[in-house]
Amino acid sequence: MQQREGRLVLSATDVTKHVACPHVTTLDLAVTRGALPKPADGVDAQLQLIFDKGLEHESAHLASLYAQGREVVEIPDEGLSLAERERLTVEAMQAGAEVVFQAALFDGQWVGFADFLIRVERPSVFGSWSYDIADTKLARRLKVPALLQMASYAVRLTQVQGVAPRQLTVIGGDNTSHPWRLVDVESYAARVRSRLLEAIESTQGVTSTEAVPNSYCEQCRWLPRCAAQWREADDLGAVAGMRGDQRARLIEAGIQTLAELAQAGPDDPRVQAALSVTTRARLTSQATLQVRERTTGEPAYRLWPAIPGEGLGLLPEPDPGDVYLDFEGDPFAPGGRGLEYLAGVCDRDETFHTWWAHDAVAEATMASALLDWLLARWRAHPGMHIYHYANYEQAALKRLTAREAVAETELDTLLRGERFVDLYAVVRQGVQISKESYSIKKMEAFYWGSTRSGAPGEVDNALSSVVEYEKWAASDRTDDTILRRIAAYNYDDVRSTLALNNWLEERRDELGAMPGGVPPRPGAKSLAEAVDSETIQAENALAAELVAAGHPLLAGCVGWHRREDKQVWWDYFRTTLMSDEELIEDRS
């Protein structure tokens, strides 16, 4: 969004930002009209990495087109006006170029830069050919904003070539093409473009929207301003677990701030009108705890009543063989499928074990070696469990074993034996804390007395670990001090998971002294009960014979339908451990 020659020029990005957060439109308009100063870009190393990786992906796809012998015309951007760049784009199309890179499309109000225009043999004003649109995106899955962007480009492209493009194609981070028909998205795209124009017309320099916390905030340049407003206004969005629709209903009912929600309590008619029975007690209690910490300066917690199979009732009997697992993964690794580059494990004595993987082959070896080690430890310690925080570690192991066809039997044995324990589920269902977030770093205030913030240059969160790992890869993989910093961060994470487990055991004892008592420990299967059935063992033996005989494709067919069904069962068992509220929030 910018002023050019006295006119407001809009882009497809303005459309996608408006869909994500209408308040961004209000603030951007205020900048173009001189009512607000432009915010500092504030691009940190983590956002810069994402930006750089996007450019690398685009350049790699361009290089692949050249390697295929395609005729590519690149549209320059240095020192040229928008009109001049579009003129060069149209000239390339008129000449019948196979590919136009960084094609400029500008009608005086809307501007767009398509990564690629791809020639197709369909008549247009140019002759027997016309052009479809393709854009590169880092994401491995098709996302709506990408389609909205290309559908916006298609409006001007239709005017230029006299015929609408048929396909919009996203080239994902894994280099897979995701084609989409324009007719399936253009009506929605036209509607949101109209909504943006209506918002611009109605605003006229007056702030007609409010800052609402949402998923776009993390990448928005206006976040510091909005966050300051939320703190000053004591916004309801600061209540941990508060959804946007719940916030809106509470405000409509007359409760404007976190403090008002805490004071109102679950029986307040306004709260009852805005929230369901299952959420009003949880959210008012959460607000009360956060107000308490704000007042006293000390972290506080509350235990939920015992429910068998939920919360603190998910904790198995502690065992000397227990281990604590944490993965570090790079979603931007070459190949577009990501890379789990480090698996770290510590035991109850805080002895640290690491498995590294710097390419796809090593990743498969890492998964196999880790699962062999875990299974051997279970044999040595029959009461052993594998603790982690949130579902990432289990999901990574499932993804690796299924994709690489390694250690599937070992993982299935551990899963059937119910060896994995997600402490995040224990916390969310059994304990309430006085923090705006339930990340493990926020939990550390309760058992370490403080939270890790990290000094400048230190690895202190998952994305900074990725940034450091990418630096190591860029250093020709010679700077081992970077890997040591990443390992130190991972070690802190698994030690924190161990300390959290111990703290939760103390809370379980505390719950035992309360009315209702302590919930029973979950039952556990023995290793003998968890091993594969005779049928599966026979399938595995047959597959091994076929591989040894040089028939890996036939081996892959053995048990194929059972393995396909496994994905559904994995998700089914994952959801059995979730509360009603978590099931409602779960995207699947």
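Two strands count as paired when DSSP finds at least two bridges between them. With that in mind, let us look at some close-up views of this predicted model.

**View 1. Five strands side by side form an open sheet.**
The order of the strands is β12-β11-β10-β13-β14, and their pairing is mixed. Strands β12 (352–356) and β14 (420–422) stand at the edges with a single partner strand each, so one side of each has no neighbour in the sheet. On average, neighbouring strands of this sheet are turned by 25° against each other, if direction is ignored. Look next at β10 (residues 323–330) and β13 (residues 386–388), which run parallel and are joined by 2 bridges. Here Val323 stands opposite Ile386 of β13.

**View 2. Strand β6 is largely enclosed by the rest of the structure.**
How many of the residues of β6 (residues 130–136) are buried? The count is 7 of the 7, so the rest of the structure largely encloses this strand. You can check this face by face: Ser130, Asp132, Ala134 and Thr136 are buried on one side, and Tyr131, Ile133 and Asp135 are buried on the other.

**View 3. Strand β6 pairs with β5 and with β7.**
Strand β5 (residues 110–120) runs antiparallel to β6, and 5 bridges join them. Phe116 stands opposite Ala134 in β6, and Ile118 stands opposite Asp132 in β6. With β7 (residues 167–171), in contrast, β6 pairs in the parallel sense over 4 bridges. Which residue of β7 is the bridge partner of Ile133? That partner is Leu168. If you wonder what holds such neighbours together, strands of a sheet pair through backbone hydrogen bonds, either parallel or antiparallel.

**View 4. Strand β5 also pairs with β4 and with β2.**
Strands β4 (residues 99–106) and β5 run antiparallel and are joined by 7 bridges. Phe101 has Phe116 of β5 as its bridge partner, and Phe116 also stands opposite Ala134 in β6. The hairpin of β4 and β5 has 3 residues between the strands, and Gly108 in this hairpin takes a positive phi near 100°. Strand β2 (residues 7–11) pairs with β5 in the parallel sense, over 2 bridges. Leu10 stands opposite Trp110 in β5.

A disulfide is a covalent bond between the sulfur atoms of two cysteines. How many disulfides does a search of the whole structure find? The search finds 0. Is Cys217 buried or exposed? Its relative accessibility is 14%, so Cys217 counts as buried. Cys557, at 53% relative accessibility, counts as exposed.

Definitions and conventions
Residues numbered from 1 in each chain as written. Predicted model: local features only at pLDDT ≥ 70, side-chain atom pairs only at ≥ 80, totals over all residues. Heavy atoms only, no water. Buried < 20%, exposed > 50% of the residue type's maximum accessible area, 1.4 Å probe, protein only. Axes fitted to C-alpha atoms, helices over the stretch in contact; angles between N-to-C directions. Disulfide = S-S within 2.5 Å.
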